[in-house]
Amino acid sequence: MHYQPKTDLLQNRILLITGASDGIGREAALTYARYGASVILLGRSEDKLRHVAQQVNAVCGSLPHWFTLDFAAATPEDCQSLAHKLSGLIPRLDGVLHNAGILGDICPMDEQDPQTWQNVMQVNVNVTFFLTQALLPLLLKSESGSLVFTSSSVGRQGRAGWGAYAVSKFATEGMMQVLAEEYKQHNLRVNCINPGGTRTAMRASAFPTEDPEKLKTPRDLMPLYLWLMGDDSRRKTGMSFDAQPNRKPGISE
Ligand code: NDP
């Protein structure tokens, strides 16, 4: 994407990022802070989040709020309690990047382990929904809220072996479409990003033989991530965007 954001694109915007401890989410948190946002970091590892919080501090001179929440065990009540804590700290949320996700097993449907299947649905779909429900009141206080889900090319076209992960990403696309319709008359836009193959730990576990040097880095994707959180995308809702529109899905040769 050829997008040249203004350096103060996200000034005065308060954004929450899930899966902010690593990979694409970590890069998004740092980038949003660099463009002026106050970021709130969510992840499951205290040590990793503290480290990212320090990096954000180095970028913008203030330590962000950060919270641990293990999606594998999180309940709707945990998400409501987090939202309650947040409402005592911030007046509104201008954006949420739902980025946390797990891969599960890459194997045919008849070999998918039911427990792993449930874990993937729990992390990628259920808690994403619980959190969205809990955070909507804060999002609706924004004059221009942006709710961004993270999809995948296997969430639009099924692919053999991608089992629970692919199904969870179809569900994510569906969740985005339903919410976009429901909030059409409000100041809240709801969209999906498909990052496309990106150099992260998740990608390396999905394609262990792939040369990571052939992949874009999380930083390369940031123009789209910035655009969707800033006012330049204000009227876009119900859409699924590719961070790498010209990339063919599958392993990079
Ligand atoms: P990473 O594995 O690098 O990062 C995933 C993030 O999710 C980490 O912060 C991780 O925390 C967090 N997370 C995992 N499990 C839990 C949990 N139980 N509770 C809370 N947080 C959790 O993945 P990517 O950066 O590659 O992926 C980011 C998103 O992009 C995902 O939704 C993925 O499906 C999607 N995507 C990625 C592609 C790629 O090629 N990389 C392609 C298409 C889509 P921790 O640091 O503790 O592990």
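Biologist: How do α1 and α7 sit, parallel or oblique to each other?
Modeller: In this predicted model, α1 and α7 are oblique to each other. Their axes are 9 Å apart, and the packing angle is about 60 degrees.

Biologist: Why does that count as oblique?
Modeller: Angles under 35 degrees count as roughly parallel, and 65 to 115 as roughly perpendicular. The angle of about 60 degrees between α1 and α7 therefore makes the pair oblique.

Biologist: Which residues make up α7?
Modeller: Helix α7 is residues 218-229. Its crossing with α1 is right-handed.

Biologist: What about α1 and α2, what angle do they pack at?
Modeller: About 25 degrees, with the axes of α1 and α2 9 Å apart. That makes α1 roughly parallel to α2. Helix α2 covers residues 46-60, and the crossing of α1 and α2 is right-handed.

Biologist: And how are α4 and α5 placed?
Modeller: α4 (residues 114-139) and α5 (residues 163-182) have axes that come within 9 Å and cross at roughly 15 degrees. α4 and α5 are therefore roughly parallel to each other. The crossing of α4 and α5 is right-handed.

Biologist: Changing topic. How many residues surround the ligand?
Modeller: 27 residues surround the ligand. The closest are G19, G23, F71, G101 and T200.

Biologist: Which helices supply at least two residues each to that shell?
Modeller: α1, which is 23-34, and α6, which is 201-206.

Biologist: What classes of residue are in the shell?
Modeller: There are 13 polar, nine nonpolar and five charged residues around the ligand.

Biologist: What does UniProt say about the chain?
Modeller: An unreviewed UniProt entry carries the annotation "domain: Ketoreductase" for residues 13-199. In the model, that span is 45% helix and 17% strand. The C-alpha atoms at the ends of residues 13-199 lie 28 Å apart.

Biologist: Last one: what confidence does the predictor give?
Modeller: The protein averages a pLDDT of 97, and 100% of the residues score at least 70. For the complex, the predictor gives an ipTM of 0.99 and a pTM of 0.98.

Note on methods. Residues are numbered from 1 along each chain as its sequence is written. This is a predicted model: local features need pLDDT of at least 70, side-chain atom pairs count only at pLDDT 80 or more; totals for chains, interfaces and linings use all residues. A residue is near a molecule or strand if its C-beta atom, placed from the backbone, lies within 6 Å of it. Helices (H or I, at least four residues) and strands (E, at least two) are DSSP runs, numbered from the N terminus. Ala, Val, Leu, Ile, Met, Phe, Trp, Tyr, Cys and Pro count as nonpolar, Asp, Glu, Lys and Arg as charged, and the others, Gly among them, as polar. UniProt positions are given in the numbering used here, feature names are shortened, and annotations may be inferred rather than shown by experiment. pLDDT is the predictor's confidence in each residue, from 0 to 100. Axes are lines fitted to C-alpha atoms, for helices over the stretch in contact, and angles run from 0 to 180 degrees between N-to-C directions. Angles under 35 degrees count as roughly parallel, over 145 as roughly antiparallel, 65 to 115 as roughly perpendicular and the rest as oblique. A crossing is left-handed if the near helix is turned anticlockwise from the far one by less than a right angle, and right-handed if clockwise.
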